[in-house]
Amino acid sequence: MDVKLLTRADLSGCIKPFWEYAKWDGIRWQTLVDIVFEVDGVRHKIPSGFVCDMGSIPRAFRPTINRMGNSLVGFIIHDWLYCPDMLLTRKQADMVLYTIGRDHGESWYTANKIYYGCRAGGWIGKMKPNEFHPVDTRVLYSIIQSNRIS
């Protein structure tokens with residue numbers, strides 16, 4: 001499976017906790033930028049404002065997996081590909097997550113743990129439609145300001 005990330009950004013600073021009703025549920029995150037990637041030559045674009053849970057992994061596996069580590073972008077893309085109207089199967093989407101994790105420095109052991117965690121519990125996430133909410137531009141402005149060199 002050929003996977004290419006086309007967005008040129010450090011995506012660790014391009015997501016934020018998704019707040020709903022003035023609180024964070026501890027699971028969902030929101031993208032602040034568009035993410036563009038290709039899977040087997042087919043281009044996909046995840047628009048800013050996409051809300052994801054970072055991997056549809058069963059609760060039993062979550063304490064042992066760092067979803068903010070080397071597989072961060074893989075988790076976002078994986079959640080996008082799990083939308084019911086995507087043309088990839090669950091197994092293909094899980095393999096995209098594995099491939100991106102390995103390409104971004106995830107160990108064989110950790111990448112497999114993530115892959116099989118998604119294989120075990122991903123069917124729950126596959127039934128949910130993708131969710132979007134407008135990005136508050138004040139958040140982007142504060143990130144830009146905090147990253148400026150004095």
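Predicted model: local features only at pLDDT ≥ 70, side-chain atom pairs only at ≥ 80, totals over all residues.

**Exercise 1. Work out how helix α1 and helix α2 run relative to each other, and which residues meet.**

Start with the axes. Helix α1 covers residues 72-81 and helix α2 covers residues 90-103; their axes come within 8 Å and cross at roughly 165°. Now for the cut-off: angles over 145 degrees count as roughly antiparallel. The two helices, α1 and α2, are therefore roughly antiparallel to each other. As for handedness, α1 passes α2 in a right-handed crossing.

Next, look at the contact itself. From α1 come Val73, Gly74, Phe75, Ile77, His78 and Leu81, and they meet Ala93, Asp94, Val96, Leu97 and Ile100 of α2. Sort these contact residues by type and you get eight nonpolar, two polar and one charged.

**Exercise 2. Find the order of the strands in the open sheet of three, and say which are the edge strands.**

The order is β1-β4-β5, and the pairing is antiparallel. At the edges sit β1 (3-5) and β5 (42-46), since each pairs on one side only. From one strand to the next, the twist averages 20°.

Zoom in on one pair: β4, residues 35-39, joins β5 in the antiparallel sense over five bridges. One of the residues to look for is Val39, whose bridge partner in β5 is Val42. Then bring back the helix: α1 packs on this sheet and touches β1, β4 and β5, with its direction making about 100° with that of β5.

**Exercise 3. Trace how strand β3 pairs with β2 and with β6.**

Take β2 to begin with. Residues 15-20 make up β2 and residues 23-31 make up β3, and the two pair in the antiparallel sense over five bridges. Here Trp19 stands opposite Trp24 in β3.

Now turn to β6, residues 50-52. It pairs with β3 in the antiparallel sense too, over two bridges. To spot this pairing, find Gln30: its bridge partner in β6 is Val51.

**Exercise 4. Describe the surroundings of Asp40: where does it lie, how accessible is it, and what does it touch?**

Location comes first: Asp40 lies in the loop between β4 and β5. Asp40 has 49% relative accessibility, so it counts as partly exposed.

Last, check what is around it. Setting aside neighbours within four places in sequence, Asp40 is in contact with Met1 and Asp2. Lys4 is worth a look as well: Asp40 and Lys4 are 36 residues apart in sequence, yet 8.5 Å apart in space, C-alpha to C-alpha.

Technical notes: Residues numbered from 1 in each chain as written. Heavy atoms only, no water. Axes fitted to C-alpha atoms, helices over the stretch in contact; angles between N-to-C directions. Helix = DSSP H or I, 4+ residues; strand = E, 2+ residues; numbered from the N terminus. Parallel < 35°, antiparallel > 145°, perpendicular 65-115°, else oblique. Left-handed = near helix turned anticlockwise from the far one by under 90°. Contact = heavy atoms within 4.5 Å. Nonpolar A, V, L, I, M, F, W, Y, C, P; charged D, E, K, R; others polar. Pairing = 2+ DSSP bridges. Buried < 20%, exposed > 50% of the residue type's maximum accessible area, 1.4 Å probe, protein only.
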